[in-house]
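Here is a short briefing on one protein model. Look over the sequence and the structure first, then read on.

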Amino acid sequence: MQKLGKPLLFLLIAVAAIGPLTLNGVLPATSAIMADLSTRYELAQMVLTVFLAANLLSQLVLGPAADTYGRRPVMLFSLLVFIIGSLVCATAGSIEVLLAGRFVQGVGGAVCVFLPRTIVRDIYSQGKAASMIGYMTTAMMVAPLFGPAVGGWVTDNTSWRFMYGGLAGLTSLLFLACWRYQRETLGNASINGQVGSQSTFFSSSLTLLRHKGFVACTCMLAGAVGVYYGFLSGAPYIAMESRGMSASSYGIWFAMVAIGYLTGNLVAGRFSEKVGVERMLLLGFLPFVTGLVLFWLLLPLQHPLALFLPMMIVAFSNGMSLPSMITLAMSFRPELSASASGLAGSVQTAFGVVLSVAMGYLLPSADIWLFILLSLSALVSVTGLLLMRHAH
């Protein structure tokens with residue numbers, strides 16, 4: 001069986017790491033952006049919403065494009081767009097320009113969400129792909145493990161603008177590395193019964209949405225990742241605005257979430273191929289439900305552990321089960337693997353956009369809205385699990 005070469009594997013890990021780093025590394029700067037650009041919380045937290053919305057739209061287009069034109073050109077184009085968006089953010093003089101830059105950054109950043117795992121699926125069988133995606137995600141979580149802490153330190157000691165400038169510089173290096181090492185894997189997909197597809201967004205989406213298993217997988221992904229996106233959107237407000245935590249302190253505590261996700265990925269990488277993707281998926285729901293229940297039990301406490309410990313357990317669940325969910329979603333129609341990855345990613349991102357907008361408007365009225373919205377998101381994931389059981 002063909003394997004990923006080390007340069008390509010390390011490159012895919014680095015590209016995949018840019019996504020979560022860009023998503024959560026800038027969130028400790030929310031209060032600083034409010035002060036620097038003289039704006040309200042509802043607008044400042046839109047740096048997350050706008051980025052997710054751009055990710056959503058971009059994946060819908062880039063998924064079919066990668067199935068039609070190949071992985072390499074889509075990768076290079078997207079990284080270039082991301083660099084431009086990062087530079088706009090770094091030099092923004094108003095909240096409107098910052099949000100415009102985040103949108104452009106999100107369009108390019110969509111490639112980090114679906115293309116590395118699609119390339120892995122091109123080369124490996126289903127069980128092996130789930131293990132490889134688990135190991136890949138474990139390695140790439142090193143960046144977001146320190147991202148919020150570094151972002152908080154940069155915000156407190158220099159300027160939030162340096163975070164975006166740093167992302168532009170880092171991605172420029174990745175662009176050059178992709179130009180050198182990224183080979184085309186669309187043709188190699190035939191190893192696992194996959195072939196390039198001349199599909200459009202509409203035709204591939206209709207094909208996939210007719211498959212009950214794909215719909216069930218997408219619901220599970222949307223609900224599980226929605227809890228994470230909802231926490232990213234709402235936790236900075238509760239921690240820093242309601243409970244007085246500094247940006248640096250928030251970043252340090254957030255490392256618990258990254259550690260939970262990383263540990264879950266290690267479990268997925270070690271056992272997915274042996275246990276099987278569906279059983280691994282079921283096992284992952286146990287800590288998922290445990291974490292959600294713990295959120296409510298610890299609600300009266302003001303200590304940071306009451307916020308970050310339950311999310312650490314939920315993140316462990318996501319790290320353990322998401323590689324299996326993603327691999328399964330791409331396996332129902334192998335010839336549309338990039339389209340499936342892009343569509344599933346877009347749906348989960350759309351759900352994250354809805355949650356982040358709701359957080360922005362509801363949280364200033366009461367902290368409890370964070371826990372209500374996270375619970376509703378979890379309910380969507382459980383519904384997907386039930387649909388999957390009926391799909392067999």
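Which residues have the most contacts inside the largest nonpolar core? They are Met75, Leu98, Phe231, Leu307 and Phe308, in a core of 110 residues. This is a predicted model: local features need pLDDT of at least 70, side-chain atom pairs count only at pLDDT 80 or more, and totals for chains, interfaces and linings use all residues. Residues are numbered from 1 along each chain as its sequence is written, and side-chain values use heavy atoms, with hydrogens and water left out.

**The chain overall**
- The protein chain has 16 helices and 0 strands. Both are DSSP runs, numbered from the N terminus: helices are H or I with at least four residues, strands are E with at least two.
- Of the 392 residues in the chain, 60% are buried. Buried means under 20% relative accessible area, exposed means over 50%, and partly exposed lies in between (1.4 Å probe, protein chains only).

**The core**
- A nonpolar core is a set of buried Ala, Val, Leu, Ile, Met, Phe, Trp, Tyr and Cys residues joined through side-chain atoms within 4.5 Å.
- The largest nonpolar core has 110 residues. Helix 11 (residues 212–242) gives the largest share of this core, 17 residues.
- Leaving aside neighbours within four places in sequence, Leu98 is in contact (heavy atoms within 4.5 Å) with residues including Ile33, Trp160 and Tyr164.

**Thr49**
- Thr49 sits in helix 4 (residues 46–69). Thr49 is buried, with a relative accessible area of 4%.
- Not counting residues up to four places away in sequence, Thr49 touches Val353, Ser356 and Val357.

**The salt bridge**
- The structure holds 1 salt bridge (a side-chain nitrogen of Lys or Arg within 4 Å of a carboxyl oxygen of Asp or Glu).
- Arg161 and Asp36 form this bridge through their side chains, at 3.7 Å, N to O. Arg161 is in helix 9 (residues 161–181) and Asp36 in helix 2 (residues 30–36), so the pair ties together parts 125 residues apart in sequence.
- Arg161 is partly exposed, at 23% relative accessible area. Asp36 is partly exposed too, at 40%.

**After helix 12**
- Gly276 follows helix 12. The phi of Gly276 is positive, near 100 degrees.
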